[in-house]
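This report goes through selected local features of one protein chain. Please look at the sequence and the structure first.

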Amino acid sequence: MADFKDTGLIMSGDIFMAEVDADGKFGALNGPMNVPSLSITPTSVNRISRPSYQKDNYGQALDAVNLPSDSASVTIQFDSMPASMLAETLGGTAELADAEADSVTGEALTLTEGAWAALPHSSLAAGSVVVTKDATDVTADCDINLSAGLIKARTAAAAGDVTVDYDTEAVTGHRVMGDTEISKPRYILVDGINLATGKRTRVEIFRAVLSADQATELMGTEFITGQLSGSLVVPPGKGAAYTATMYS
């Protein structure tokens with residue numbers, strides 16, 4: 001054991017997270033993430049004691065044992081929000097949303113005057129949309145939302161059953177499938193520094209079984225934050241749920 005030296009600890013760090021299996025083997029790491037809070041709560045215990053009823057030490061403990069009642073847990077908050085982290089925030093998974101440009105002819109649609117109708121596609125190409133009713137082009141009597149793929153009849157003449165010809169643009173991106181992953185086993189790595197001493201720190205959480213546990217305000221006036229919390233698990237051969245290394 002090294003000699004005791006009185007120092008404080010304020011940590012700053014690059015934090016990475018990956019999916020992990022039951023053996024503690026993890027895949028590709030997302031990060032570094034901006035994490036305002038990463039907190040670990042030790043195992044909670046039931047305190048059991050054997051009180052004395054003897055006259056010289058009545059009421060004092062003759063024996064005391066702490067028995068675990070709940071496992072150690074971790075809570076991580078983050079405001080880095082690419083699609084993969086938005087999926088974590090919403091308890092979901094992310095998938096590719098790439099699509100090639102396409103042309104659609106004769107799409108049947110029913111228009112209501114003053115209300116929007118949705119096409120099966122979005123990201124429509126500018127100038128490509130033609131709305132036809134009873135063999136008459138009524139495009140000029142319609143409002144078209146290209147990005148959302150919506151059409152609205154402005155007049156009664158354009159309302160009713162129509163067909164729509166249009167082109168779609170090529171798009172790339174990711175789609176979050178919300179609320180599809182309730183249990184999220186994750187490995188967490190903190191490559192940090194103690195701001196009080198300038199020395200390196202490293203924290204490894206080998207397997208945390210997390211879940212999203214707060215509402216997400218998608219239309220607020222602040223940056224969206226995510227929060228995951230859950231229990232820490234000791235994988236085979238690790239000997240501990242996590243380690244914290246302070247370098248000298």
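Asp-179 sits in the loop between strand E15 (174-177) and strand E16 (184-194); strands (E, at least two residues) are DSSP runs numbered from the N terminus, as are helices (H or I, at least four residues). The model is predicted, so local features need pLDDT of at least 70 and side-chain atom pairs count only at pLDDT 80 or more, while totals for chains, interfaces and linings use all residues. Residues are numbered from 1 along each chain as its sequence is written, and side-chain values use heavy atoms, with hydrogens and water left out.

Phi of Asp-179 is positive, near 60°, in a residue other than glycine. Asp-134 also has a positive phi, of about 50°, and is not a glycine. Asp-134 lies in the loop between strand E10 (130-133) and strand E11 (136-137). The table lists the two residues with their accessibility; exposed means over 50% relative accessible area, buried under 20%, and partly exposed in between (1.4 Å probe, protein chains only).

| Residue | Phi | Relative accessible area |
|---|---|---|
| Asp-179 | near 60° | 61%, exposed |
| Asp-134 | about 50° | 67%, exposed |

The peptide bond from Gly-31 to Pro-32 is cis, with omega near 0°.

E10 and E11 also belong to an open sheet of four strands, in the order E8-E14-E10-E11, with antiparallel pairing. The edge strands, E8 (102-111) and E11, each pair on one side only; two strands pair if DSSP finds at least two bridges between them. E8 is joined to strand E14 (residues 160-168) by eight bridges. Within this pair, Asp-102 has Thr-168 in E14 as its bridge partner.

Is Lys-152 buried or exposed? Lys-152, in strand E13 (residues 150-153), is buried and has no salt bridge. A salt bridge is a side-chain nitrogen of Lys or Arg within 4 Å of a carboxyl oxygen of Asp or Glu. The nearest side chain of opposite charge is that of Asp-143, 4.0 Å away; Lys and Arg count as positive and Asp and Glu as negative, with His and the chain ends not counted. Leaving aside neighbours within four places in sequence, Lys-152 is in contact (heavy atoms within 4.5 Å) with residues including Trp-116, Asp-141, Cys-142 and Asp-143.

Met-246 is in strand E19 (residues 242-246). Met-246 counts as partly exposed because its relative accessibility is 44%.
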